[in-house]
Amino acid sequence: MFVKCLQDDLTKLRFKICNQNASTTDILSPFKEILSQPTSTDAMTLIAVISIMVFLENKLIHDEIDFNSLIQALCNCQYQLTSEIESLNLSVQILRCFCLIIQSENLQFITIDSIESIFHYCEQDIRQLSQRNVHSSILSDLFCQVSYIISEDSRYTSIRENVFRTLFSIADLSYIDSGSYARGAALRALLRCSKADSVNNSTDMICITSVLLTQQLDFSDSRDNLVMSLRLFYSVFRRQWRTKLVPFTRLLNSLLDICISNVPSSIKAIIFEVIIDFITEDNFFLEFFSEFYERPFFPLIFEKFLTVISMFANVPPSVPDVHFSAVNILSIIISNIKKYAEKDFIMNKTDSSNNKWEKEAELLEKLTSFSKKFQEDPKFLQDSQISPPEAAFCLAVAPGIQKQAIGELFSKNTPFSNDTMTEFIKLFDFSSLDFDESIRLFLTSFRILGEGQVVDRNLEYFSKIFYESHKNDKNFKNVEAVHILSYGWLMLHTSLYNQNVTKKNTLPEFFTMLKGQNDGDDFDSQFLTKIYNSVKRHEVEIGDDTNRTIASWNLLLQKQRILELKYSQIDELQNKENSQLQNKFSLQNDDKNDTLQNDTFQKSLRSETTKNDLQNNSSSPIKNDEKDLENKSDNLQITKSDSLQNNYNDEKDYIDLEKLFRQIWKIAAPIFSILYEKSPDSIDIISSSFLDCSYISSKYQLHDILDNIVVSLCKFTGYENKSSLSEITAKSALKTLSSLVSQFGDQINEGWKSFCEVLLSLFRLNLLPDEFCQQPIIIGQPNMVTISPNLFSSNSNIKNNFSSSFLSIFKIYEKNDTFLENDNSNTSLMNDLKDFISNCKFDSLVNLSITFSSQSLNYLIQSLSLLAKETMTKQIFSDSLFCLHLISQIIITNCDRVLVLWPFLHQLFISIFNDSFVQKNSVFLERISTILFLTINHLWPQIKIRQDLIKLTDILVVLDNKQLNPLLLSGFKEFLNLFLDSYIEMHQFKSLNQLLYNSIQVQNPSSSQILHTFISGVISDSKAPSLDRFAEYWMPLVQTNVIYCLRNPNSDFNNFNDLQSLVNFGGNSPTNLQWEFVFESTLFPALEVLPNEISIQWNTGTIGARSLLLTKCIFKVFLISYKEMLDLPSFEQLWFKFVQLSLNVMKVGDSDLKASIPQLLTNALIVMKSSGVFEGENRTKMWNDSKELLEPVAPYFSQLCKDL
């Protein structure tokens, strides 16, 4: 029937065309009919679409109705899906039609509904293709173009927000339905939209960009999408970074952090290219970094930026792909700085920005103080008489305040809390946000705490303030409607995201819940549907550091706006005060001028005096003395730049030897270097000059110059493969270097790195004295071990630059870099060289270190640590161990000064040893353990750092394995022999607990005695802490002991007695909750795994006896604690859990357990019955249920019950 009608229509169409009286509507009608008919085959539909495309290409459609009806027909086109190829071809032709329709000359005819239909058609196709992992460039291009048209054309403003949100939902990584292709298409569309002028200041686009970039940085689904998110970031912020500083700096700081981190070089290159784009913007570098980095409320990212630039520009480059760009950007930065310097930009800059930064610094100091006090005691707000508006401001912007703490304050129904909350909400600008955005912002700003009344009150305040800014919103008839919808919104959110809620609210249920609640009428259905879909798609994140939602970024922008308003208020107040002060000065000057107008000589004299005063005291040009105000009205306008210029001129008259030497050194340094390398005849003079310069540098603490000298001398030793150096040069450099370190080592900083590299090179060649490389050992024989380059067989074939260059200087290497081991002359040369190195006294470094300044000592240890890390990374274990050995010896030698250096040293140890843990070489780990034990044993007498030393013992546990466990236990045993009492007094046994636990896995027989000795010391500790430290002190000891009794075949009666003594908790009485924690966290899990442990350990022969002892211990603990737990709501549950676990243990088949457990349960029930536990109606059922469980396994129990 349809085919017959279609033939008739086409016949009529041919007749009309032939008669030239056919309208566009008539021509399109049959083709649109084909598109809408389900019975049309894909081939027929394709012909119709191609025909329509011909009409569009020839621009035959000029009517709004035709355009929009055609769009709807194409969007609703029916597919038969007879062939995937035909369907795909049809889809492509429809997309081409859309591309022709949305050409600029046709946009005037396209309505909002039609453009929105095209957008959603593309959206649907993109989602479907993404799920099938199919890409379509024409679809992506069309999607981008339609999105851009909507964002640019003012006629489509009403749907622009929905389009942005739809694009965001597709690109959102947290939305699993979107594939990588769909996200990429959405990101490209957003990037295209961001170029439209209409979204230049869009807060939505700022927040969307921030969320998407953060997601891609955290976990990128593809390289292309990461690039798109970065391009979007640049496109959005390149014009807005000055007004959106808070999100911009946070995102830029994240990018810099990634560049510095250990991510792949390709990712760094991608990110760095975007940073380059910003830097190449006109004036960006100086406008942002030269001033902005000093602002107190923002991260100091200037230094980080320089680190990234230098890292990428370094040679060899860390990221080769952008090495040239990094070098080029440095050139651009320098060029910009030069350009502004020529204009005296810095000198002529007004002081307004500086004053503002000072105000910000003062404000930040106040807010930080407020935050600290509020975190310590929220009650201080009421005691300190802070007004609610001021308190609200501080709560909104003060750093470090937790959202939960704000919620606790707002949960109190007091006048102050209510007023503060009102002022707090007033700070936020809801006028540009819809209801869903506003309530998300409100809920993100703090955590609502409390029951329904608190929630209702909080939402009531929000509703009032929101309604005040949306009185013209037709969705709400009164403030009560806002309040009801707010509560309904929160209920819906709770229903959808609370895991305890099994039945999730549907859209109809949401409608029903709010029916008639808009002042007796219903809310608009589309309005509620939009809210429901938003809540269903995006959960509100209320964490303190969340940055993965639009609301969280919107909150940052709101905080920036609040701060800016505060600055404006401060400026207005300051301007008002300045105006009043200037008016006062003007009145005083007018009065004075009237009385002195005829005294010319006096006026001239005083004017001259004023000029002299200004020159001699430029820092205070205005004096308070009434005499000096007579003729100074003209001088009131003196600027800060004048004052700076005067200071500069005064400074020129002062001869600064330090600066003078720096100028001389800039000239001399390259000359000295060339001469030292190329002219052997000048070596003695230059060496002497180097020492003289070192003296001057040391006197004036010019560390950079002294370090430069050290680096140069190290270079001249030949360790950098300078094969052109002579023997005289190398020997002189070594000798001069030794003298410099001996005389001025206390002032060397960065130079230590090069010196340590030379020292390490000498070690590799085995040229250092043996005494310098000997390390004590903790246990076994011999007492000393020599750290040599051949300590590890894997290092024997490692060839270093120093070998080929340094030894070739002394004719010990042939030209082909092969060592002539059997050549007697070479052996003699090697011995002579070793004697020369010995005479240089490099081995005195450890003893000399006691004379070094703390700063110099810091750099020395840091240089050694860097070398240790580098060689560890290269798995040159002997080199790494040598560096760590030196660090340990230097610290031991300087143990009396360790308190000054300890903060750095502590962090250094943690860093070094954490890096070393990845190594699996047993010899290397043994030496590392020895170094750490030696350090701890020597530094433990320093009481102030014992806390940190305990943390170092935690490192040892990470080293623990089956081979090292005996060594570590022996090391701890030695340590406890020396410092048992003082160690126990620290009340921190995490590392020893873990080590003893690990010994269970390796079944170390010596651990049982160590545990008993340790626990005995703890039990006898007269200074044992109270139960305030129940979780961190007592429970780990109990848990370790229980696990030991359960799993270690070597555990004896002492260990079980120790367990009973431990649960005495030093004579303290635990609370009912603490007792509950003992059972739930330790004793019940032990009973639960006991059957399995019996099965596993059955062959040990001791598991039966140990299981019975452990079970009896647990029953004893229960009998001494049950009275304390009677008040617990969960007591009955605890009891039956105890009974059930005990009955489970009986099932393992052990006769002793099977006979003993019913007796233990019977005894427990009788004791509880005798003490009145089961009295009262509530406990009768508990008694009956207990009897029911026990009677099958204990037949005699019924008779005992009758006797009772």
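Reply: Start with α10. This helix is largely enclosed by the rest of the structure, because 13 of its 16 residues are buried. Buried here means under 20% relative accessible area. Keep in mind that this is a predicted model.

How far does α10 reach from its first C-alpha to its last? The span is 23 Å, close to the 22 Å expected at 1.5 Å a residue.

The lining has 44 residues. Nearest the centre of the pocket lie Arg165, Asp436, Lys530, Asn533 and Ser534.

The largest share is from α27, with nine residues. By type, the lining holds 19 charged residues, 15 polar ones and 10 nonpolar ones.

Now follow α23 and α27 to another helix, α25. Both of them are part of what covers the buried residues of α25, and so are α24 (452-468) and α26 (507-513). α25 runs over residues 479-497. Its 19 residues reach 27 Å from end to end, C-alpha to C-alpha, close to the 27 Å expected. The buried residues of α25 include Trp489, His483, His493, Gly488 and Leu490. Ser486, Ser495 and Ala481 are also among them.

α3 takes in residues 42-57, 16 residues in total. It spans 22 Å, close to the 22 Å expected at 1.5 Å a residue. Which of its residues are buried? Among them are Asp42, Thr45, Leu46, Val49, Ile52, Met53 and Phe55. They belong to a buried set that packs against α2, α4 (64-75) and α5 (84-101). Just after α3, Lys59 takes a positive phi of about 55°.

α2 covers residues 24-36 and contains Thr25. Is Thr25 buried or partly exposed? Its relative accessible area is 38%, so Thr25 counts as partly exposed. In space, the C-alpha of Thr25 lies 8.8 Å from that of Asp63, although 38 residues separate the two in sequence.

Thr729 sits in helix α34, residues 727-744. Thr729 counts as buried because its relative accessibility is 0%. What does Thr729 touch, beyond neighbours within four places in sequence? The contacts are Tyr676, Ile683 and Phe716.

Finally, step back to the whole protein. There are 54 helices and two strands. Of the 1204 residues, 48% count as buried. Take the contacts with a separation of 6 or more: residues 24 or more positions apart make up 73% of them. The accessible surface comes to about 58,300 Å², and carbon and sulfur atoms hold 50% of it. Against that background, return to α10: 13 of its 16 residues are buried.

Notes: Residues are numbered from 1 along each chain as its sequence is written. This is a predicted model: local features need pLDDT of at least 70, side-chain atom pairs count only at pLDDT 80 or more; totals for chains, interfaces and linings use all residues. Side-chain values use heavy atoms; hydrogens and water are left out. Helices (H or I, at least four residues) and strands (E, at least two) are DSSP runs, numbered from the N terminus. Buried means under 20% relative accessible area, exposed over 50%, partly exposed in between (1.4 Å probe, protein chains only). Contact means heavy atoms within 4.5 Å. Accessible areas come from the Shrake-Rupley method with a 1.4 Å probe; for residues, only the protein chains shown count as cover. On a 1 Å grid over the protein atoms alone, a cavity is a set of points where a 1.4 Å probe fits but cannot get out, and a pocket is an open set with protein on both sides within 12 Å along at least five of seven lines; lining residues have an atom within 4 Å of a point. Ala, Val, Leu, Ile, Met, Phe, Trp, Tyr, Cys and Pro count as nonpolar, Asp, Glu, Lys and Arg as charged, and the others, Gly among them, as polar. The expected span of a helix is 1.5 Å times one less than its number of residues.
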